[in-house]
Amino acid sequence: MTSSAFDTSQVKDKRDTINERFQRIKSMAAARRAKLNESHRLHQFFRDMDDEESWIKEKKLLVSSEDYGRDLTGVQNLRKKHKRLEAELAAHEPAIQGVLDTGKKLSDDNTIGKEEIQQRLAQFVDHWKELKQLAAARGQRLEESLEYQQFVANVEEEEAWINEKMTLVASEDYGDTLAAIQGLLKKHEAFETDFTVHKDRVNDVCANGEDLIKKALEETWRNLQKIIKERELELQKEQRRQEENDKLRQEFAQHANAFHQWIQETRYSLSCMVEESGTLESQLEATKRKHQEIRAMRSQLKKIEDLGAAMEEALILDNKYTEHSTVGLAQQWDQLDQLGMRMQHNLEQQIQARNTTGVTEEALKEFSMMFKHFDKDKSGRLNHQEFKSCLRSLGYDLPMVEEGEPDPEFESILDTVDPNRDGHVSLQEYMAFMISRETENVKSSEEIESAFRALSSEGKPYVTKEELYQNLTREQADYCISHMKPYMDGKGRELPSAYDYIEFTRSLFVN
C-alpha cells in the first residue's frame, strides 16, 4: 500500500469492498443468530407450555373424580391422597409462574408469534385457575364426606353398645341367693355408671347429626338460591335475545316488504310502457332509466341479504312479520332485471327493424300490445296455444285442427320461433318472427306496387280499366276491378275508369 506500489488506489478500493462485504456478512450472520435464538426461545416456551398443559390435564382428571369414599377408612385414605395432591399443586406453582413470566417477557419483547403467545397464555391461566378451583371443591367435598362417615361410625358404635346392654337389662335372672343378688346389683351399678358415660356420647352423636342436617339444609338452600339466581339471569338473557331477534325480524320484514312492493310496482310500470303512445326512442329511453333504477336497487337487496344472514346466524327460522325470504326476493329481482334487459333489446330490435325494413311503428306497437294481451300471467312468454291465438288475432289464417291431429302450417311457424320445442315463445322470439314476416310483406307489397306502376302509362298512381284488361287475364282483371277503389285526385274528385292500385296493394299486406 506504499505510494510506490502499482495501482494503489484500485488495490485500496478492492480492500475496502472486501471489508464492507465481510462486515455485511458478519452483521447478517449476527442478525440470523438473533432470529434463531428468538425462534428457539419461542418454541421452547411452547414446548414448556405443552408440558404444563399436559400436567394440568392429568391432575384435572384426579380432582374431577366423583369418588368421595364409601366408609370412614375409604374417605380417610382419599383425604390423605388429596392432601398430597394439594401439596404437589403448591410445589408446582413456581413452575407455572415461570412459564407465565417467560410468556409475558416474550410478548413484551414484541417477538414473532406475539398474538399466539397471548392467546396461549390466556388459555393456560384459565386452565390453571380451573384446576385450583376443582381441587378446592374436591377438598371441601372430602371434608364433608369425612364428617359424615365419622358420624355414621359413631352411630354404629353406639347402636352396638345399646344392643349389647339391651340383652343385659332384659334378663329375667334376679338371683336366687343373697350372694347372687349382691353380684347382680354390682353389675347393674357398673352398667348405670357406663350408661351415664354413653348418654353423653349419644347426645353428642345426636347433636352432630342435627348439625349435619342443618348444614345439609343450609347447603341445599344456598344451592337453591344460586340456581334461582342463575335461572333468573338466564331468563333475562333469553328475554334480551328474543327482543333482539324480534327487532331483527321486524327490520328484515320492513325492508323485505318494501322491496317486494317496489318489485310489483316496477313490474307494473314496465308493463305499462308497452302501451305508451310515444316513439320507440322515447320508450327505449324510459326503459333504460327504469332498468338503471332496477340495478341501483341491488344495494337494497344486499342489505336484505345481510339481514337474512344475521337471522340465520341467530338461528331465527320464522318471521311472523313477512312472508318473503331472501332467496325469493333475489329471484324476483333477477327476473325483473332480465325483463328490463329483454325490453331494451326488444325496443332496439324494433327500432332497427323500422329503420332498415320499413316496418311501421304502428305495426310494431300492435305486435307488442297483442303479445301483452295474451300473456295473461305477465311471464314474458306465451305457450304454443296462446301463441296460436295471438297469430289468429293478427290475421293469420291458421286452420282449426282437433287436439292430437297434425298441424303442419303451425308446426312450420314453430320451427322458426321455437326450434328446440321448449313449449314457450318469448317476447324477443315473437317480435323477431313478426318483424321478419312484416319485412317479407313490405318487400312483396313494393314488388306488386311496382308491377302495377309498370302497367300504368307514365307511372301514374292509378291504373285504368283498359290497362288492366290489356295486361292481365280476364279473371285477374275482374278481381282487381271488383276490389280496387276508384282513384281520387288531390281535390277529391273521382277519375272515370281509374283505380287506386297503391291502396289496394297495401290493403293486401296489412297483416
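1. How much space lies in the largest pocket? In this predicted model, the largest pocket holds about 580 Å³ of space. Its lining is made up of 28 residues. Those nearest the centre of the pocket are Ser271, Leu339, Met343, Asp375 and Gly380.

2. At least two lining residues come from each of helix H4 (178–273), helix H5 (280–296), helix H7 (326–357) and helix H8 (361–374). The largest contribution is that of H7, which gives 9 residues.

3. A second pair to consider is formed by Phe259 and Trp262. The centres of these rings lie 5.5 Å apart with the planes at 35°, so this pair is tilted. Phe259 and Trp262 are 3 residues apart in helix H4, which means that about one helical turn separates them. Both residues of the pair, Phe259 and Trp262, are buried.

4. Two contacts between a charge and a ring should be noted. Arg298 places its charged end over the ring of Trp333, at 5.5 Å from the ring centre. Lys388, for its part, lies over the face of Phe410, and here the distance to the ring centre is 4.7 Å.

5. On the annotation, the unreviewed UniProt entry places the feature "domain: EF-hand" at residues 362–397 and 405–440. For the span 362–397, the model gives 64% helix and 8% strand.

6. Is Ser107 buried or exposed? Ser107, a residue of helix H2 (residues 72–108), has a relative accessibility of 7% and so counts as buried. In sequence, Ser107 and Val155 are separated by 48 residues, while in space their C-alpha atoms are 60 Å apart.

7. Leu315 is not a glycine, yet it has a positive phi of about 60°. This residue, Leu315, is placed in the loop between helix H6 (298–313) and H7. With a relative accessibility of 68%, Leu315 counts as exposed.

8. The other angle belongs to Ser497, which likewise is not a glycine and has a positive phi of about 60°. Which element holds Ser497? Ser497 lies in strand E5 (residues 494–499). Its relative accessible area is 36%, so Ser497 is described as partly exposed.

Methods: Residues numbered from 1 in each chain as written. Predicted model: local features only at pLDDT ≥ 70, side-chain atom pairs only at ≥ 80, totals over all residues. Heavy atoms only, no water. 1 Å grid on protein atoms, 1.4 Å probe; cavity = no way out; pocket = protein on both sides within 12 Å on 5 of 7 lines; lining within 4 Å. Points joined across faces, edges and corners; volume = space filled by probe spheres on them. Helix = DSSP H or I, 4+ residues; strand = E, 2+ residues; numbered from the N terminus. Phe/Tyr/Trp six-rings, centres within 6.5 Å; stacked < 30°, edge-to-face > 60°. Buried < 20%, exposed > 50% of the residue type's maximum accessible area, 1.4 Å probe, protein only. Lys NZ or Arg CZ within 6 Å of the ring centre and 35° of its normal. UniProt positions renumbered as here; feature names shortened; annotations may be inferred.
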